[in-house]
Amino acid sequence: MFSKETLIATNRFGLGANLDDISKARVDPKKWLKAQISLDHTSPKAFAGLATSRQLLEQAFLNRRIKDEDTKKKIRKIRRQQFNKALLARLINQIETQQPFAERLVMFWSNHFTVSRTRGFIGPAIPAYENEAIRPFIFGSFEDMLISVAQHPCMLIYLDNISSIGPNSIGGIRREKDLNENLAREFLELHTLGAQGDYTQSDVTNFAKILTGWTVVRRPKNQRVPAGTFQFDNRIHEPGPQRLLGKDFNQGRKAQGVEALKEIARQPATAKLIATKLVRHFVNDTPPARAVDMISRVFSETNGDLAEVSKALIKLEVAWQQTGTKIKSPEELVISTFRALRGEGPVSLPRRRLLFAALKSMGQEIFHAPSPAGWPDIEVEWVAPESLMRRIEWIHEISQQSSTPSRPLEIFKNTIAPFASDKTTRLIRGAPSREDGLALIFSSPAFQRR
Amino acid sequence: MLTRRLFTKLSAAGLLSNAAASPVFAFAPTEKNLILINLKGAMDGLHALVPYADSDYRKLRPTLGLSGPGTKGGVLNLDGHFGLHPALQPLRALYFSKELLFIPAVSTQYRRRSHFEAQNMLQGGGASPYQQKTGWLNRAMIQMGMSPSRLGLSLGPTLPLIMQGRADVRMWSDSRLPQAGEDFLTRVGALYDDDPVLRKAFTQAQEDTASASMMSGMRLGNGRLELKTRAAVSILKENNGPRIAVIEAGGWDTHYAQERRLNKLFAELALAILLIKTELGESWKNTAVMVVSEFGRTAAENGSKGTDHGTGGLAILAGGSVKGGEIRGKWPGLSSRALLDNRDLAPANHLESVFKSTLIEHLGLSDSQVADHVFPDFESIPVITDLYQ
């Protein structure tokens, strides 16, 4: 038996309980979570040998100029293999990690700053984007994360900033080019102030002007800055001061954008938006106002120190009261299932068809969110007749194939047993086979929720 | 695959909720079909229905603009002022056989330029974003009367807001996963007895698999419009099956390289509409296909051969039930005075009017049902009359 706090720490804050988690967390669940904040999470060993976004994007830019179809095809295949390798490494790390709270936060922030494979060109580089632009900052400052995202080639390509050109810049005048306001708008609406924020169309336009010149090297001029790297290009940067959110930004060049991003990160609306999303993720689909205020205050008072914000989330009393308020996303279900099935040794995974293709049919193709808003985080978006049936079919198949050395009742004991309903317990105990026993555990409401 | 036998067994065992377990299949309350195609990402209406004779058009779109009728790659003339993008060529015949109409410069009441808020208003049918918690088509279906065989059909694994609400909706998506056995599913059903959310979804999924066996072999790829359309049509053809289908199609947010992308998307859209006509056969005469998007795009092209978020968009109605062959509504023009905020095609026509008209003229709801229960916030927005036969 373990406490309700242990259940919530390992399942809601972590990525799904197993024997290892429970034995470490049960002594002091909150302390177990807090300790994860100070540990190094920046380079998981499963990621050794993965390509960087620079390498992957350089490849993509070069491939554009290759004429021979066979060569093109070969390179595309290599890119696909690299993506698959990174995807698998990511899943293995999520299953094996000793810092599931940190990994959950990587997923949260990477979804907040979504970059999606709907733009095929950057697709293979998105796992690298997550590791380069998001992962190092989850316990750093929000402002730094925002600036790192704004400079990442994947984001600049995904939201079209590489083709936004100041109309009065040298390049703009010579080539009669103009702005593309996509990145500026989504930055304000989705990543910082929120759609309810107090900004106007002219703020969007001016912010787009400020961000002109934040671009990616396409044809390298020298070895030091290869294709696929971020660069600030003053020749396409809209000259002159800009007014944004009632303030004048008189800096020239890149500093103008950096100062604007800092200003946006400091806005109370930004604190409110981030707090709302975090509380929705860790408490309830309908975030309680008091909890949002508390997190928002910590965010503002610490100037967006995400280690402090993460500690404040652990301290939220309302997060520890009720079990099972959140439905797991398909990705969370898959990760927690394999965490539960995992024995002592390295994790063994089934064929790809039963991993990423299955996630797609459950409604969540990894790194392929339908829009820059990312994946939803509320029950009604994940529980639908078709997607639930896909979850059950997947669980059934995984349980048939599982070679876990543990008995179903052991797995039950180390995941959800103390908080499963009597009926669930009875059905699992009465399962006709080992496989069905496993499948019933993973299908049960207590396991589908966190 | 869940068989009818198991379905009955589950019902008898009390494992399914009462409403869903009724063995009596009443007749659907209407023979009319409505297929709503939601183009997510904001379709550039000015690139589909091109005001080629408008003197400002080429000035606003020096590189993206299409040339006039009769020129290479030029538009296909409709009425001397508007022309059709060549990739939409199959729709031209429907227009001249009076089975298709366009409503340009159309928009919901939403005036900011966020996809997500705009889609929320388009689907929720509220006066402001996130105000309505259910979808307007779902509220309309409740007014049409409950039926054991559900009226609504949604394609894809998750349910869009427009279909969310009290009326249950049929769903279809593909799966390559092997099906779980009957005995196992019965046990899962029992697991969900005490979890209302999971129980409801599970019960509905059971019923759907009971009659969707003919769809096996069809694969729903990454939002391919053709496959979704084929699946929708084959379910709509069931006797007493659903009558109202919602299909979502993504990829319309053309901030860059619009020409190439819309060539492909327009061709897919035209094919889907034609497919509905061919596959529905006789019931095409009772059918309306409504194509909408959350808003239009900027009148002028942007710096990357694309367009940014705008306001006035385009709605297309097709079907035997439609009074086609016309371009309906007001046309505000493209002069800088006429543009909204000096950038967007003005929202001269209300999308809510089109929705209301569809519910009243096509699906037979009464004015007061629509005003009181479906669009309570839009009493003052008039119906566009004579859109339907």
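User: What makes A:K423 and B:D193 a salt bridge?

Analyst: In this predicted model, the closest N and O atoms of A:K423 and B:D193 are 2.5 Å apart; a lysine side-chain nitrogen within 4 Å of an aspartate carboxyl oxygen meets the rule, and therefore the pair is called a salt bridge. Across the interface of chain A and chain B the rule finds three salt bridges, and there are also 16 residue pairs in polar contact, both residues of each being at pLDDT 80 or more.

User: Which element gives the most to the side of chain A that touches chain B?

Analyst: That is α20(A), with eleven residues, while the other elements giving two or more residues include α11 (182-191) and α22 (422-429) of chain A.

User: How do you know how much area the two chains bury between them?

Analyst: Buried area is the accessible area lost on putting the two parts together, summed over both, so the figure belongs to the pair of chains. For chain A and chain B that figure is about 4,700 Å², with 59% of it on carbon and sulfur atoms. On the side of chain A, the residues that lose the most area to chain B are A:P385, A:E386 and A:M389, together 13% of what that side buries.

User: How many residues are counted as being in contact?

Analyst: With heavy atoms within 4.5 Å as the criterion, 62 residues of chain A are in contact with 54 residues of chain B.

User: Where do the domains of chain A lie?

Analyst: The domain assignment gives domain 1 (159-266) and domain 2 (330-448), and 43 Å separate their centres, taken over C-alpha atoms.

Notes:
Residues are numbered from 1 along each chain as its sequence is written. Chains are lettered from A and ligands numbered from 1 in the order in which they are written. This is a predicted model: local features need pLDDT of at least 70, side-chain atom pairs count only at pLDDT 80 or more; totals for chains, interfaces and linings use all residues. Side-chain values use heavy atoms; hydrogens and water are left out. Buried area is the accessible area (1.4 Å probe) that two parts lose on being put together, summed over both. A polar contact is a pair of N or O atoms within 3.5 Å; within protein, one must be able to donate a hydrogen and the other to accept it, and residues adjacent in sequence count only if both atoms are side-chain atoms. Helices (H or I, at least four residues) and strands (E, at least two) are DSSP runs, numbered from the N terminus. Domain bounds come from an automatic or database domain assignment.
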